[in-house]
Amino acid sequence: MDFSKFLADDFDVKDWVNGAFKVAQQDVPGRADAHAATLVMKLQLFIQEVNNSIEETSIQALQNMPRVLRDIEALKQEASFLKDQMIMVKEDIKKFEQDTVQSMQVLVEIDQVKSRMQLAAEALQEADKWSTLSADIEETFKTQDVAVISSKLAAMQSSLAMLVDTPDYSEKCVQLEALKNRLEALASPQIVLTFNTLSTDQAKLFVRVFTEMDRMPQLLAYYYKCHKVQLVNLWESVCQSDAPLKQQLSEFYDTLLSTWHTQLQWTSQVFKNPYEVVTVLMIQTLGAMVPSIPETIAVALDRCPAESRLDTLLELHQTAANFSRSLETAMQPHLNECNLLKVCELVSCVYSPYKTYQMRYGELEETNLLIQLSAVPLERGEVLDCVLELTHSVQKVFGLAAAAVDRCVKLTDGLGVCGLIKALRALFSKYVSDFSVTLQSIRKKYRLEDTPTSEVFTEDWTAFQNSIRIIATCGELLRQCGAFEQQLSNKILGKAGRFLWEGFNPRSLSGLQEGGAERRGQKNPWQEYNYLQQSSTADYNNLLETLHTLKEKGTGNSSLLSETRAALTRLNQQANQLAFDSVFLQIKHQLCLISKQEGRSSAGLGETLTENLPTFSLSPQECITNIGQYIMSLPLHLEPFVTQEDPALELALHTGKLPYPPEQGDDVPELENTADYWLGSIARATMQTYCDVILQIPELSSHATKQLVTDIEYLSNVMDALGLQTSRTLQNITTLLRAKPEEFRQTAKPLPRRLSSTIAAMRGIEY
C-alpha cells in the first residue's frame, strides 16, 4: 500500500478510499468487507508506527537542546569580540591617515616635479630631433621617395608640436609648410597618374601621406580635378554632336550616373567618406560644364517655335528628373552615411538650371495655352458650322486645361499651383470672350437687331434649334467646369499638400517659421527640394495659403475657378437671350407692322367708315392672327425641353434667366416646367411689346379704337387658351379703350394716371 499520498498538499480522503477499493475490486471482486477490514488494520498499524517515530524524534530533540544553546552563546561572544577588533582597526587607520597626510603631500609634489622634468627632457629631445631632421631633410628629398619624405615630415611636425613656446616657432612652421609644398609638388604627377589610372594601392599611400601632413583637402582637390576634367571634356564633345539637346543631356546624365557607381566603388577602398567625396565630384562637375546647362537650355528654347517651347522645356526637365531619381535610388540605402548638406547642394545643382523657368511657369503656361486656344476655331461662315465648332470646343478647351495641370505637376512638382490657376483663368477668360464674340456674330447672321423690311410672315425655327444646341453647349461647359474644378482641387492637395504641415496658420509668422524648421529636419533632400521657398518667400506663402484654404473648405467647395464659373454663367445667359430673341424675332416684326398700320389707319378710317359699325362684325388684323398662331405653335417646339433627357441642357436652362419675369402676385406654376417657363416669358414679352406699340400710336379714330379692342381680345383669348394670364397693363388698356367718352373719367379713376392720360390723348378725349 502507498502511504506517500497522505503527505500531498491536495490529499482527499474520499479519493484515496475510492482508489483503494477500486484496486481491490479489480484483484478480488466481491470481497469489499474483507478488504475494508484489512485496510483498517493496516492503517492502525501505520498510525502506531508514526506515533513511535514522533516520540523517538522528540526525545532526541530534547536531549540535543542544551548543546545547541551552548553553541549559540559561544557564537554570540565571538561576534562581540570581532566588533571590538573592527573598532580598534578603524581607529588605527584614522590615526595613520592623520600622521601621514603631510608625507603624502610631499610625495605628490615630488611626482609633479618628476613629470615636468620628463616633459622637459622630451622637449629637449624633440628640439634636438628637429635639428637632426631639418639637417637631414635635404638628403631625404634627394631620394624622391614620397613615403620616406612623408615620415620625416611627420616626425618634424611632431617635434614642432613640442616647440610651441620657443621664440622661433613661427619660423619653423613656415619652414615645415615649405617642405610640405615641396613634397606635394614632387608627388603631384604621381597623384594625377594614380587618380587617372585608379591605382588603389598608390591612392592609399597618398591618403596616408596627406593625412600625416594634414593636407587631405589638397589631395581631394587633385582627385576632383582629374575626374572633373574628364567629364567636362566629355560634355564638350557631346555638345558638338548634331543630336537634340534632350538626347545630349540624357547621354551626359547617364555618364554621370555610371561615374557615380564606378567612383563610389573605388573611393570606398581609398577614402573614409566615399559618399561625400563622390557627391562633391558631381557638384563640381555640374558647376564646371562649358557651355553650362542653363545656357544650352536658353539656346534650345530660343530656337523652338512658341507653341512647342513649354513642351521642350518639360522634355529637358524630365531628363534631369530621371537622373535625380536614379541618384536618389542609389543613395537611399546609405543616406545616413552621406553628408546631407552636400546632398542638398547636389540636388540644387541638378535642378537649378530650371529654376528660372519654374518661377515663370504661370507666365509660360498662360502663353502656351493662349497659343493652343488660338488653334481652336469657333467662328465659321455658316451658323450651323459655328454651332458645331462651339460644341466640339468644349472637350478641346478642357483637354487643354487638363494637360496644363499635368505639365504643372511634372515641371514644378505642384509648387507652381498659383501660376497654373492664373494661366487657367486666362485660358477660360479668352475662351469665354471668343465664345461671346461668336454669339454676337450669330446674332448678326440671324439679323436679330435689324428692322424688318418685308411684311411677309414666315415661321423659321432653325435659329431657335441652333440656339438650343448652343445652350446645351453652355450647360456642358458649366458641368465640366464644376467637375474640373473639383479634380483640380484634389490633384493640388494630393501633390502639393505635402508642403502644408499640421497646425499651419497663414496669420501666424511663428507657425510659418516652425513649419520651415520642421521641414528642414526631414532626412531626404531629394524629396524636400523646394525651389519656390528658396527663391520667393512671398510666393511660397501664397501657395501655403491656397493649400490651407482648400483644406479648410474642402475640395468640393473650392473657389479656384470662381471667376470662370461666373463668366460661364454670363455666357450661358447670353446664349439663353439669343434663343429667346430668335423665337421673339417674328413676333417683334409683326408688332412693328401693327404700329405702321395703326398710324396709317388713324388718318382716314374715321372719315370713310361709319362709327356705328358693331364691334362683333370686326375681325382681328392679320398681324395679330399671325402672332396668335405663332404663339399657339410654341408648345410644339418647346416640347423637347420636357421630353429630352440632357443633363447639360437642363443645367443651362435652370441656370439661365429669361427676360420679362412674372409680375408680383401672379400665380406662376410655369416655373416648375422649363417649357412653360419659356412660353410664359415669350407671352409676357409679346404683351409688353404690344402695349408699348399701342401707347406709341399718336391718334385713334372710333373705328380704329374698336379694331384695336378686337385685336387685344383675340390675343387675350390666345393667352387663355394656353393657360396664361393677360398682363394688367393690357387689361387696363382694353378697359380704357372700351370706355365711352362721357364715362372715361370715371373708368380711369382706379387705373394708372399716366396710362389713362395717354389713352385719352389718343382717343381725343379731354381728361
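This section describes model confidence, backbone geometry, salt bridges and a surface patch in a predicted model.

The protein chain has an average pLDDT of 85. A score of at least 70 is reached by 88% of the residues. Over residues 509-522 the pLDDT falls below 50. Beyond near neighbours in sequence, this stretch makes 15 contacts in the model. Residues 602-613 also have a pLDDT under 50. For residues 602-613 the model shows 11 contacts beyond four places in sequence. Where pLDDT is low, predicted coordinates should not be read in detail.

The peptide bond from V290 to P291 is cis, and its omega is near -5 degrees. P291 sits in the loop between α8 (274-288) and α9 (293-303). L198 has a phi near 55 degrees, a positive value in a residue other than glycine. L198 belongs to the loop that runs between α4 (169-197) and α5 (200-212). Its relative accessible area is 27%, so L198 is partly exposed. Y660 is not a glycine either, yet its phi is positive, at about 55 degrees. Y660 is placed in the loop between α24 (647-655) and α25 (674-695). With a relative accessible area of 33%, Y660 is partly exposed.

Side chains of opposite charge can pair when their charged atoms come close. The count of salt bridges in the model is 14. One of them joins E345 to K342, with the closest N and O atoms 3.8 Å apart. Both E345 and K342 lie in helix α11 (residues 340-351). They are three residues apart, about one turn of the helix. E345 is partly exposed, at a relative accessible area of 36%. K342 is partly exposed as well, at 27%.

A salt bridge also forms between the side chains of K445 and E379, at 2.8 Å from N to O. K445 lies in helix α15 (residues 417-445), and E379 in the loop between α13 (361-374) and α14 (383-412), so the pair ties together parts 66 residues apart in sequence. Relative accessible area is 31% for K445, which is partly exposed. E379 is partly exposed, with a value of 38%.

Within helix α16 (residues 462-496), E476 and R479 are three residues apart, about one turn of the helix. Their side chains meet in a salt bridge, 2.5 Å from N to O. E476 has a relative accessibility of 17% and therefore counts as buried, the cut-off being under 20%. R479 counts as partly exposed, at 41% relative accessibility. Elsewhere, D413, K495 and R498 are linked in a network of salt bridges.

On the surface, a nonpolar patch is formed by M65, V68, L69 and I72. Together these residues have about 370 Å² of accessible area. M65 is found in helix α2 (residues 32-142). Its relative accessible area is 44%, so M65 is partly exposed.

Note on methods: Residues are numbered from 1 along each chain as its sequence is written. This is a predicted model: local features need pLDDT of at least 70, side-chain atom pairs count only at pLDDT 80 or more; totals for chains, interfaces and linings use all residues. Side-chain values use heavy atoms; hydrogens and water are left out. Patches are made of residues with over 30% relative accessible area and no salt bridge: like charges are joined within 9 Å, nonpolar side chains (Val, Leu, Ile, Met, Phe, Trp, Tyr) within 5 Å. Accessible areas come from the Shrake-Rupley method with a 1.4 Å probe; for residues, only the protein chains shown count as cover. A salt bridge is a side-chain nitrogen of Lys or Arg within 4 Å of a carboxyl oxygen of Asp or Glu. Helices (H or I, at least four residues) and strands (E, at least two) are DSSP runs, numbered from the N terminus. Buried means under 20% relative accessible area, exposed over 50%, partly exposed in between (1.4 Å probe, protein chains only). pLDDT is the predictor's confidence in each residue, from 0 to 100. Contact means heavy atoms within 4.5 Å.
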